[in-house]
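Me: I am new to reading protein models. Please take one part of this one and walk me through it closely.

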Amino acid sequence: FLVIWQNAGAFSVSAHPPAENYASLFSLCCFHNDQHFTLADDGSALSLLLGYTQEELKTSFHGQLSALVIPQDRELLRQRFNEQLAIGSEVQLTYRLRHKNNYNVWVLHKCRMDLGRDGREYLYSTLVDVTRTKSAQEYQLLTLEQYEQILSRTGNIVFDLDVKSDT
């Protein structure tokens, strides 16, 4: 597996990213196209993303990505996944996974379904940690809602002030 991360504006590539915080983390994984998106590789990239050991992924979660998806997102994830696969072999979804330290990790999951030599369907996937982006979007949405509430209470009177010329 290979992990690519971005820290301080520079991209780095390694099998072992640093322990410090990163701006973005890209993990390459392979899953079976089954009901639970069972890991088809050793799970090492997923373990780096979520803080679990490879053994914990196998024993506690049975190697199933769906067991790591937060319960509120599971049904919608499978539904949207099937909708996109009905159109073509590529899927792009955003959903939340549970980190070992008990917080949600937003991931952008891009994958392509291909048949393996054994005749099984495999999902060759890139998981991108977009938690910081999602947090910024949620903050902007909250700020916009607050401004809308303020404007609705002022009777739609808006003051336009140019600080440089009006002072």
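Which strands is β4 joined to? Which of the side chains along β4 are buried? Which salt bridges do its residues form?

Reply: A word of caution comes first. This is a predicted model.

Start with the strand and its partner. β4 covers residues 90-98, and β5 covers residues 104-115. The two strands run antiparallel, and nine bridges join them. L93 has H109 as its bridge partner in β5. T94 has L108 as its partner there.

Now follow the chain around the turn. β4 and β5 make a hairpin, with five residues between the strands. N102 sits in that turn and has a positive phi of about 65 degrees.

The pattern then continues. β5 is joined by nine bridges to β6, which covers residues 121-129. These two strands are antiparallel as well. L115 stands opposite E121 of β6. β5 and β6 also form a hairpin with five residues between the strands. Here G119 takes the positive phi, near 85 degrees.

Go back to β4 and look at its side chains. They alternate along the strand. V91, L93, Y95 and L97 point to one face, and they are buried.

What lies on the buried side? In soluble globular proteins, nonpolar side chains tend to be buried together. In this model, the largest nonpolar core has 27 residues. Y95 and L97 are among those with the most contacts inside this core, as are F31, L46, L50, L68 and F81. Several elements each supply at least two residues of the core. They are β3 (24-32), α1 (44-50), α3 (65-68), α4 (71-87), β4, β5 and β6.

Helix α4 comes next. It has 17 residues. From first C-alpha to last it reaches 26 Å, close to the 24 Å expected at 1.5 Å a residue. Its buried residues are D73, L77, R78, F81 and L85. An α-helix has 3.6 residues a turn, so residues three or four places apart point the same way. The cover over the buried residues of α4 includes β4, β5 and β6.

Now the charged residues. The structure holds four salt bridges. In one, the side chains of D73 and R96 meet, at 2.7 Å from N to O. D73 lies in helix α4 and R96 in strand β4, so this pair ties together parts that are 23 residues apart in sequence. D73 has a relative accessible area of 13%, so it counts as buried, the limit being under 20%.

A second salt bridge joins the side chains of E90 and R112, again at 2.7 Å from N to O. E90 is in strand β4 and R112 is in strand β5, 22 residues apart. E90 has 53% relative accessibility and counts as exposed. R112 is partly exposed, at 37%. There is a further member here: E90, R112 and D114 are linked in a network of salt bridges.

K100 pairs with E56, with their closest N and O atoms 3.0 Å apart. K100 is in the loop between β4 and β5, while E56 is in helix α2 (residues 54-59). The two are 44 residues apart. Both are partly exposed: E56 at 22% relative accessibility, and K100 at 39%.

One last check concerns disulfides. A disulfide is a covalent bond between the sulfur atoms of two cysteines. The structure holds zero of them. Why does C29 form none? Its closest cysteine sulfur is in C30, 8.8 Å away, which is too far for a bond. C29 is buried, with a relative accessible area of 6%. C30 is buried too, at 12% relative accessibility.

To sum up, β4 pairs with β5 through nine bridges.

Notes. Residues are numbered from 1 along each chain as its sequence is written. This is a predicted model: local features need pLDDT of at least 70, side-chain atom pairs count only at pLDDT 80 or more; totals for chains, interfaces and linings use all residues. Side-chain values use heavy atoms; hydrogens and water are left out. Two strands pair if DSSP finds at least two bridges between them. Helices (H or I, at least four residues) and strands (E, at least two) are DSSP runs, numbered from the N terminus. Buried means under 20% relative accessible area, exposed over 50%, partly exposed in between (1.4 Å probe, protein chains only). A nonpolar core is a set of buried Ala, Val, Leu, Ile, Met, Phe, Trp, Tyr and Cys residues joined through side-chain atoms within 4.5 Å. The expected span of a helix is 1.5 Å times one less than its number of residues. Contact means heavy atoms within 4.5 Å. A disulfide is a pair of cysteine sulfur atoms within 2.5 Å.
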